[in-house]
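Hi everyone, thanks for coming.

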Amino acid sequence: MNKLIVIMIDGISSKQFHQMRDKLPHLNRLAQQGTQVSSLTPEVCGTSYPGRTSMIVGRPPSEHGIYGNKIWDGNVFRWSNPYDVRTETIASLTHEAGGDVFNMGFGMVRPEDCSLYISPWWVDDVMIRGRDDHAHEANERWTMKGKNLDPEQRLSQAGLSKDDLVNPMDNRSRMLELGSLADFQLIEMAAKLIESGQTPNLVLLEIAVTDYYLHQFGTDDPNTELSLRIADAQIGTLIERLRNAGQLEHYNFAVMSDHGHTLMEETIHCDLLLPEGTRWSSEGSMLFVNPRSAAEATEVTKRMLAEGMELWSKPLLPDDIKSEMLVFSCPEGQYISFESDLKNTGQIRGISKYRSNHGMRPGTEEDYRFCIFSGPNIPQQTVDFAEAIQIAPTIAAILGVETPWTATSII
């Protein structure tokens, strides 16, 4: 079985990567030496959890069940977690085939499918933001309490401990700074494990803080550019560490994003527009509603259409819930997010809480993602366009792992 390191850089669109690639020497070199996908489609819809899931599952959201950051569980919209993924993943298939899998902070992976599992550093943020009047019990699954996360003591063998990792949510006033440190620490830990002689077949990593920068500063701000340049430097450091350890020639790389980002200045305040008590969940420019009655469904649809929004009818939801849900999208060419009126403006339309956002109407070019495969088992080529569902089959092809997926590899 071959070896592969997957690195997800959160929120970087294809457009932003191409605009900045001359300032990203390590990513640019990987792209030049391997297979560069110029435009990778987002999921339906293009938000973080579906994006992460697509990297490890060669099936659409209608099958794997992660159609949004939040999913309907029969009573409430709540944050999804790795145990909501309904299908096999590349981690589980690699593990079953006898491969060694290290999950170093990558979301939507189950620890049972790994030789070593470290939770994403943003888990505490999910736990905090997941609360309405009280924490949903499913949020606790993110903590992985009671799970054996390092059954073979891989960390201690290398003189490492997950307790050394910083928690950026301990000090939210320094979250961006500490998030960058947390990303670095996870990559550093992966490098030390490989240097110690532990050479897993599959390593799953994230550089997650870039998305936080994008939300706060927007796509064109110098702070956002700096966060991406730091991400590039972190990848460069990992490459050099592997080179110095004599391991670089054995490892392939898959580097990509989970979704794009763009200015989405206008918002519709759904808590003011929709009937009181309507159960809804926003995914950027896509809105999910679970109506309590046929009358409420009719009224919600009437009000959304009156605001110029469109009822989404293309495949997205699993069969067991699609009859219970309404899905809306903003019209093509518009950039409108669905939010609550957090500033108490009393107006149905307003200004978004974010400088930049994701989850745009499917097919929006600003939501296309960058994608690179590079290494000893990767051909040198440029692929103009690929679908998100092809990522996991490509990872499987590089590793040499058999899968039940019908989606084809990119390479």
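Let's start with the second largest pocket, which has 17 lining residues; Ile-118, Ser-119, Pro-120, Trp-121 and Leu-165 are the ones nearest its centre. Please keep in mind that this is a predicted model. Which elements give two or more residues to that lining? They are α6, residues 123-129, and α8. By residue type, the lining of this second largest pocket splits into 10 nonpolar, 3 polar and 4 charged. Its volume comes out at about 420 Å³.

Now, let's follow α8 itself. This helix covers residues 175-195, and at 1.5 Å a residue its 21 residues should span 30 Å. The C-alpha atoms at its ends are 30 Å apart, so expectation and model agree. Is α8 mostly covered or mostly uncovered? Mostly covered, with 16 of its 21 residues buried. Just past the helix, have a look at Gly-197, where phi is positive, at about 105°.

My last stop is Val-76. You'll find Val-76 in the loop that links β3 (70-72) with β4 (77-79). What does Val-76 touch, leaving out residues up to four places away in sequence? Ile-71 and His-136. One more pair to click on is Val-76 and Ser-281: they sit 205 residues apart in sequence, while their C-alpha atoms are 9.4 Å apart in space.

That's my tour, and I'm happy to go back to any of these spots with you.

Technical notes: Residues are numbered from 1 along each chain as its sequence is written. This is a predicted model: local features need pLDDT of at least 70, side-chain atom pairs count only at pLDDT 80 or more; totals for chains, interfaces and linings use all residues. Side-chain values use heavy atoms; hydrogens and water are left out. Helices (H or I, at least four residues) and strands (E, at least two) are DSSP runs, numbered from the N terminus. Contact means heavy atoms within 4.5 Å. The expected span of a helix is 1.5 Å times one less than its number of residues. Buried means under 20% relative accessible area, exposed over 50%, partly exposed in between (1.4 Å probe, protein chains only). On a 1 Å grid over the protein atoms alone, a cavity is a set of points where a 1.4 Å probe fits but cannot get out, and a pocket is an open set with protein on both sides within 12 Å along at least five of seven lines; lining residues have an atom within 4 Å of a point. Grid points are joined across faces, edges and corners, and a volume is the space filled by probe spheres set on the points. Ala, Val, Leu, Ile, Met, Phe, Trp, Tyr, Cys and Pro count as nonpolar, Asp, Glu, Lys and Arg as charged, and the others, Gly among them, as polar.
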